[in-house]
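Please open the model in a viewer and keep the sequence beside it.

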Amino acid sequence: GAIEVTLTPTVPAWQRVFRTIQLRFAEPALVLSSMRLDDAFGDRLDIVMSDVQRNPDLPDSLFVISPP
């Protein structure tokens with residue numbers, strides 16, 4: 001099973017970009033499994049996640065901040 005959440009923008013600036021964004025969360029861990037973006041031009045983008053790991057142990061060295 002899965003839980004689907006549909007987001008609909010209420011701010012006019014965002015309405016000009018997206019009609020809806022749909023998020024699908026796979027049970028039992030409720031991990032994001034897919035996203036569907038319907039844009040204001042009628043195009044659709046489907047993004048499917050695979051091999052999602054929740055809170056993996058990542059070394060700090062992967063994150064580097066270089067301020068200007």
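Begin by selecting Thr20, which stands opposite Asp38 in strand 3; strands here are DSSP runs (E, at least two residues), numbered from the N terminus. This is a predicted model, in which local features need pLDDT of at least 70 and side-chain atom pairs count only at pLDDT 80 or more, while totals for chains, interfaces and linings use all residues. Residues are numbered from 1 along each chain as its sequence is written, and side-chain values use heavy atoms, with hydrogens and water left out.

Next, display strand 2 (residues 18-26) and strand 3 (residues 31-39) together: they run antiparallel and are joined by eight bridges. Two strands count as paired if DSSP finds at least two bridges between them. The two form a hairpin with four residues between them, and Leu30 in the turn has a positive phi of about 55 degrees.

Now show charged side chains. How many salt bridges does the structure hold? There are three, a salt bridge being a side-chain nitrogen of Lys or Arg within 4 Å of a carboxyl oxygen of Asp or Glu.

- Select Asp38 again: Asp38 forms a salt bridge with Arg44, and their closest N and O atoms are 2.7 Å apart. Asp38 counts as buried, because its relative accessibility is 15%; buried means under 20% relative accessible area, exposed over 50%, and partly exposed in between (1.4 Å probe, protein chains only).
- Select Arg24 and Glu4, whose side chains meet in a salt bridge (2.5 Å, N to O). This pair links distant parts of the chain, with Arg24 in strand 2 and Glu4 in strand 1, 20 residues apart.
- Select Asp46 and Arg36, a salt bridge with its closest N and O atoms 2.7 Å apart. Asp46 lies in strand 4 and Arg36 in strand 3, ten residues apart.

Then turn to Leu7, in strand 1 (residues 2-7). Is Leu7 buried or partly exposed? With a relative accessible area of 39%, Leu7 is partly exposed.

Finish at Asp60, found in the segment after strand 4 (44-48). Asp60 is exposed, because its relative accessible area is 68%. From Asp60 to Trp14 the C-alpha to C-alpha distance is 35 Å, and the two are 46 residues apart in sequence.
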